[in-house]
Amino acid sequence: MYRFTDGGLRNVWLRNGYVERNTPYGKAVSFHDLDGLVLAICNALINKPGKLTGAEFRYVRNALLLSQKSLGQAVGYTEQAVAKWEKSGKVPKAIDLMLRMLFARKHSGDKTVSSLLDMLNTLDRIGHARIIVSESRSKWKSEIELDEGEDAVAA
């Protein structure tokens, strides 16, 4: 069995689904389906009894592609608070539960949660945006022009 330590995880072992090879630089490991592996690990983590450890919390957050900053802003904390939870393992119960629910809903096909997570990730990358509103045939339409070379988002 192979001990999978990606992201600081300490309690994940792979029975199969990987190949070990010797290289001139040492042993190398490749995984047959890395995306599926990450999904399986996260599903196990969100369903495990007890609180997530800091490393487990970080692993699920990263699987959602959320930065510490965007998660912190979404729940009313600073990115330093999120970093502290991940380092100390002292994640507030409500935040632990919320992250588990977000992951479960996103991977059950909930388009609203997927859109929300995409918006959080976008907000983290954008410095400024202009909202352009125009009227056509008695209907208002808006679009957002993003700085930093981002494409416009129609609403």
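What percentage of the 155 residues in the protein chain do buried residues make up? The share is 27%. The model on screen is a predicted one.

**The whole chain**

Followed along the sequence, they come in the pattern β-β-β-β-α-α-α-α-α-α-β-β-β. For the contacts in the chain with a separation of 6 or more, 42% come from residues 24 or more positions apart.

**Helices H2 and H4**

Next, select residues 54-63, which form helix H2, and residues 79-88, which form helix H4. Two packed helices are described by the angle between their axes and the distance between those axes. For H2 and H4, the axes cross at roughly 130° and come within 6 Å of each other. H2 is therefore oblique to H4.

Now show the side chains where the two helices touch. From H2, pick Gly54, Ala55, Phe57, Arg58 and Arg61; from H4, pick Val82, Trp85 and Glu86. Sorted by class, this contact of H2 with H4 has 4 nonpolar residues, 1 polar residue and 3 charged residues.

**Gly89, between H4 and H5**

Move on to Gly89, found in the loop between H4 and H5. Is Gly89 buried or partly exposed? Gly89 has a relative accessible area of 26%, so it counts as partly exposed, the cut-off for buried being under 20%.

Select Lys51 as well and compare the two positions. Gly89 and Lys51 lie 38 residues apart in sequence, while their C-alpha atoms are 9.0 Å apart in space. Then display what touches Gly89: apart from neighbours within four places in sequence, Gly89 is in contact with Leu52, Thr53, Gly54 and Lys84. Gly54 is also one of the H2 residues that make the contact with H4.

**Helix H5**

The last stop is helix H5, residues 93-106. Its 14 residues, at 1.5 Å a residue, should span 20 Å, and the C-alpha atoms at its ends are 20 Å apart, so the two values agree.

Colour Ile95, Asp96, Leu99, Arg100, Leu102 and Phe103, the buried residues of H5. Why are they on the same side of H5? They cover an arc of only 160° around the axis, which puts them there. An α-helix has 3.6 residues a turn, so residues three or four places apart point the same way.

Finally, turn to the other side of H5 and select Lys93 and Ala94, which are exposed.

Methods: Residues are numbered from 1 along each chain as its sequence is written. This is a predicted model: local features need pLDDT of at least 70, side-chain atom pairs count only at pLDDT 80 or more; totals for chains, interfaces and linings use all residues. Side-chain values use heavy atoms; hydrogens and water are left out. Axes are lines fitted to C-alpha atoms, for helices over the stretch in contact, and angles run from 0 to 180 degrees between N-to-C directions. Helices (H or I, at least four residues) and strands (E, at least two) are DSSP runs, numbered from the N terminus. Angles under 35 degrees count as roughly parallel, over 145 as roughly antiparallel, 65 to 115 as roughly perpendicular and the rest as oblique. Contact means heavy atoms within 4.5 Å. Ala, Val, Leu, Ile, Met, Phe, Trp, Tyr, Cys and Pro count as nonpolar, Asp, Glu, Lys and Arg as charged, and the others, Gly among them, as polar. The expected span of a helix is 1.5 Å times one less than its number of residues. Buried means under 20% relative accessible area, exposed over 50%, partly exposed in between (1.4 Å probe, protein chains only). The arc is that of the directions from the helix axis to the C-beta atoms.
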